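Thanks for coming. I have one structure to go through today, so let me put it on the screen.

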Amino acid sequence: MTSSLDSTSAASTSRLSPELFRLALLLALSIFINYIDRGNLAIAAPLIKDDLGLSYSQLGILLSSFFFAYAPFQIVSGWLVDRFPVNWVLALGILLWSAATFGTGLVHGFKLLLAMRLVLGIGESVAYPSYSKIISRHFSESQRGRANSFISAGQASGPAVGTLLGGMLLAHAGWRLFFVVFGMASSLWLVPWLKFLRNPTPLGGAGILPVRDSLLPGAVGIPIGNPPEPVSASILQILGQRSAWGTFLGLFAYNYVWYYFITWLPTYLIRERHFSIEAMSAVTGTAFFVLAASALASGWLSDRWIAAGATPTRVRKTFTGAGPLIASTILFVGIVADHRIAMVILILVCVGLGMCTSNLWSVTQTLAGPATSGKWTGLQNFTGNWAGWIAPALIGLIVQHTGNYFWVFVITSGVSLVGAAAWIFAVGPITPVSWSVAGAETLRAPEQVV
């Protein structure tokens with residue numbers, strides 16, 4: 001009997017069941033929508049500025065205001081998903097950010113626009129803590145690479161598709177209808193999600209999942225004996241872990257390069273490389289899709305490697321360490337004169353980013369464990385998104401004072417190297433942290449749905 005159970009368990013950890021595959025797709029679709037909604041203001045900014053008579057300083061505040069709410073609320077959202085049913089926290093977050101997107105198309109004036117952007121940041125802050133909670137509970141170690149790679153692919157594809165569809169909609173319908181349509185479309189994600197939550201088919205699990213810890217109403221786990229109540233570490237306990245600070249720094253470095261791509265790359269290609277808008281769009285879109293493809297391939301490869309017997313430490317550190325090392329070649333984009341060679345290097349950078357992003361959240365999910373993954377992810381995304389405040393502003397200052405992008409690429413490359421070092425040396429072995437009961441919270445029925 002034991003060998004039969006062991007073989008069944010081994011098989012379940014090497015493949016995604018249809019239910020887990022659908023769950024991963026729904027999460028990927030939600031982050032795809034997330035990145036479209038957070039980037040739509042940048043697409044519509046010229047029209048909004050002219051229509052409402054906004055100054056450049058007001059427009060700059062609007063473009064950065066998302067992070068004013070998004071980053072601090074990561075900590076709040078991390079606590080929420082560890083304390084309340086994560087499936088409903090995610091649903092309410094998406095409902096909130098859809099309403100903010102919809103409302104942006106209806107308001108007049110700077111103050112109300114600013115309020116909508118802040119609400120958008122609060123709503124979207126639930127995403128990554130929720131993903132980590134769900135994946136750590138329902139995907140085994142050898143499935144998490146693929147689950148996270150789906151999310152990474154959705155994150156990379158959102159800006160590309162949003163730019164293409166958004167530009168067409170703006171040209172034909174104006175900016176107000178643009179926000180109304182995207183807000184309504186975003187809320188439609190709740191239809192399959194709520195239907196999925198009512199599906200009684202049991203999901204897999206990262207370990208022993210008692211009935212009370214199931215994601216879905218009616219889902220049935222396979223408890224063996226009397227498993228202990230899950231222990232949720234406190235924020236101070238997380239901050240006391242060296243590996244936590246390694247993941248914080250690693251994500252900051254990844255985000256620094258990522259935010260360069262989604263904020264300044266188009267301007268660099270047009271102003272410095274003298275690309276046409278069409279060429280810029282083609283290069284930017286290709287870069288994002290290559291990142292998505294790299295994330296999917298890397299997630300699959302990492303899971304296969306673990307299923308073949310490699311340790312999570314070797315596998316996750318290989319991808320999270322090698323990825324930023326490859327991405328650090330972005331330095332040569334600012335040096336090479338030949339456009340074609342520079343663009344090949346740019347694509348190589350995206351391959352490296354995809355390798356890292358498909359595995360970085362798997363590190364957090366394994367270290368924190370199901371009961372603490374929400375808080376750890378919230379803290380990590382809070383510190384990681386300081387890059388959203390620092391990178392765009394710093395790049396603007398450098399270009400303004402030097403008149404070129406040389407030091408932009410030097411600093412971006414250096415930050416990526418620091419990220420590689422953080423994943424390799426600061427993060428310890430990729431094994432679950434044994435949280436002491438002292439100072440921790442014992443969770444009871446955290447996923448019970450009423």
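One term before we start: buried means under 20% relative accessible area, exposed means over 50%, and partly exposed is in between. Please also keep in mind that this is a predicted model.

The overall picture, then. The chain has 450 residues, and 54% of them count as buried. It contains 19 helices and two strands. Take the contacts between residues at least 6 apart in sequence: 83% of these join residues at least 24 apart. The accessible surface of the chain is about 18300 Å², with 71% of that belonging to carbon and sulfur atoms.

Now to one place on that surface. Which residues form a nonpolar patch there? They are Ile61, Phe68, Trp386, Trp389 and Ile390, and together they have about 450 Å² of accessible area. Two or more of the patch residues come from each of the elements α3, which runs 56-70, and α18, which runs 386-402. The most comes from α18, which gives three residues.

Let me pick out Trp386, which sits in helix α18. Is Trp386 buried, exposed or partly exposed? Its relative accessibility is 37%, so Trp386 counts as partly exposed, because that value lies between the 20% and 50% cut-offs.

Last, the cysteines. A disulfide is a covalent bond between the sulfur atoms of two cysteines. How many disulfides are counted here? The count is zero. As for burial, Cys350 has a relative accessible area of 0%, so it is buried. Cys356 is buried too, at 2%.

That is what I have for today.

Technical notes. Residues are numbered from 1 along each chain as its sequence is written. This is a predicted model: local features need pLDDT of at least 70, side-chain atom pairs count only at pLDDT 80 or more; totals for chains, interfaces and linings use all residues. Side-chain values use heavy atoms; hydrogens and water are left out. Patches are made of residues with over 30% relative accessible area and no salt bridge: like charges are joined within 9 Å, nonpolar side chains (Val, Leu, Ile, Met, Phe, Trp, Tyr) within 5 Å. Accessible areas come from the Shrake-Rupley method with a 1.4 Å probe; for residues, only the protein chains shown count as cover. A salt bridge is a side-chain nitrogen of Lys or Arg within 4 Å of a carboxyl oxygen of Asp or Glu. Helices (H or I, at least four residues) and strands (E, at least two) are DSSP runs, numbered from the N terminus. Buried means under 20% relative accessible area, exposed over 50%, partly exposed in between (1.4 Å probe, protein chains only). A disulfide is a pair of cysteine sulfur atoms within 2.5 Å. Contact means heavy atoms within 4.5 Å.
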